Amino acid sequence: MQTLLPSMQGSFGPRYQRKALRPSCSNSSQYRRSHIPMNRPPARHTVVCGDGDGNGNGGPVSATQFLRKHMLDLKPYTPILPFEVLSESLGRKPSEIVKLDANENPYGPPPEVLQALGSLDFPHIYPDPECRELRNALGTDCGVPTENLLVGCGADELIDLLMRCVLEPGEYIVDCPPTFTMYAFDADVNNARVVTVPRKAGFQLDMDGIKAAVAEYKPKIVFLTSPNNPDGSVITEEELLECLSLPVLVVLDEAYIEFSEEPSRISWVKEYPNLVVLRTFSKRAGLAGLRIGYGGFHADLIEYLWRAKQPYNVSVAAEKAGVAALTNKKYLDDVKNALVSERERMYAALCKVPFLEPYPSKANFVLCKVLEDSGIDAKDLKDKLAEQGIMVRHYNKKILSGYVRISVGKPEQTDLMLAALESIVKSVAAA
């Protein structure tokens, strides 16, 4: 793909550029080792069908010849390693690992969820393809009519569903990195192209760059995240309205909205036909393992998403868990308040670490820049914390290679993380 020569340079690179998707994140080599046997021979197994005449009749057949061509260059998305794999690689029991690398809710779901999961009446019957019970509960919770709501196996499924329904091969989306990498990954899976509009200093949106990209490339979708992952910044109402004035579908990802003071804009989908708002149970309700996401869509759009979605995409267990979680609003609010309070305590403590520059956050994590010439780099810091059983997120991407992201845990987890950092400070000073 071409790279556009920018008219201006921003803090995170060219103001906007067109590029081929090459998603990457930390632990990629570990992921490949754990999922692809190292001693497996190259995928060149063939079977001979007849003598072959050079015209496609007979001759050797390879499994990869049936793949869509763009899939041959697809880079795998690398998820965070699960407890079991971490336990084996670190030589520690799962209970001895402080997992602050995936923005999971350390308190877990309300007790009603476990009760509901332990008393499923019909696990042998296919689930409701329309998730009626959960959508009704969500309609009450977020003030959106059920006909504007769609539930997915995580918000990730809804991102992919949107792309499959909206994008023709070769059409564009606008991505604003650093941000959630699933947008660019799903674009690559769907043979779409990505126009990147890097964020400015302080991880703020480059609105001029977005407007220029929309004018030049006529993208179908602009993805926005508020609070943004990995830095926790929020977009303003003025910025959202400015994007909605453009001839493009605006997808607003609100996975972390509960941890900010900003109101959700999910009710706006009734008024703006070019707005989609995505939400999740993973963070607020501690249900990341059950994969429940949902979105608000304008009536004109959701009709066609219903036609294309998999009929039984949300399991019986997931729907029952989601409904049960929404019955205990006090628990959800108490956990949210506890995490917000701990975020502020953790941020203040991280500000005192001499080699870190933390960024204010409105999510359940804090992004920290590891200062240059401090005697340690971000990858080394991540590894040294892991040696003490503290897992934080580090990125291989150049745009974030000097940063670590630390999820908000329980107070005792924060204390262990800070103690580990203090020991690293001492070792760096002594070096």
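Buried, in these legends, means under 20% relative accessible area, with exposed over 50% and partly exposed in between (1.4 Å probe, protein chains only). The structure is a predicted model, in which local features need pLDDT of at least 70 and side-chain atom pairs count only at pLDDT 80 or more, while totals for chains, interfaces and linings use all residues. Residues are numbered from 1 along each chain as its sequence is written, and side-chain values use heavy atoms, with hydrogens and water left out.

View 1. Strands (E, at least two residues) and helices (H or I, at least four) are DSSP runs numbered from the N terminus. In strand 12 (residues 275-280), 6 of the 6 residues are buried, so this strand is largely enclosed by the rest of the structure. Leu275, Val277 and Arg279 point one way from the strand, whereas Val276, Leu278 and Thr280 point the other way. Two strands pair if DSSP finds at least two bridges between them; strand 11 (residues 249-253) runs parallel to strand 12 and is joined to it by 4 bridges, with Asp253 having Leu278 as its bridge partner. Strand 13 (residues 293-297) pairs with strand 12 in the antiparallel sense over 5 bridges, and here Val277 is partnered by Gly296.

View 2. The strands follow the order 14-15-18-17, and their pairing is antiparallel. Strand 14 (356-358) and strand 17 (393-394) stand at the edges with a single partner strand each, so one side of each is left without a neighbour in the sheet. Strand 15 (residues 365-370) and strand 18 (residues 403-407) pair over 5 bridges, and Tyr403 in strand 18 is the bridge partner of Lys369.

**View 3. The buried side of helix 4.** Helix 4 (residues 132-142) has as its buried residues Leu134, Arg135, Leu138, Gly139, Asp141 and Cys142. They cover an arc of only 165 degrees around the axis (taken from the directions from the helix axis to the C-beta atoms), which puts them on the same side of helix 4. These residues pack, by contacts of heavy atoms within 4.5 Å, against strand 7 (149-152), strand 13, helix 9 (299-308), helix 10 (316-326) and helix 11 (329-350). Gly143, which follows the helix, has a positive phi near 70 degrees.

View 4. A nonpolar core is a set of buried Ala, Val, Leu, Ile, Met, Phe, Trp, Tyr and Cys residues joined through side-chain atoms within 4.5 Å. Of the 48 residues in the largest core, Leu134, Ile210, Leu224, Leu240, Leu275 and Phe281 touch the most other members, and helix 10 gives the most to this core, with 6 residues. A second, separate core of 32 residues includes Val98, Ala255, Cys368 and Val370. A search of the whole structure finds 0 disulfides (pairs of cysteine sulfur atoms within 2.5 Å). For Cys243, the nearest cysteine sulfur, that of Cys176, is 7.4 Å away, and Cys243 counts as buried at 1% relative accessibility. The sulfur of Cys368 is 8.1 Å from that of Cys351, the closest cysteine sulfur, too far for a bond.

**View 5. Confidence along the chain.** The protein chain has a mean pLDDT (the predictor's confidence in each residue, from 0 to 100) of 89, and 87% of its residues reach 70 or more. Over residues 1-11 the pLDDT is below 50, and over residues 13-44 it stays under 50. Where pLDDT is low, the predicted coordinates should not be read in detail.
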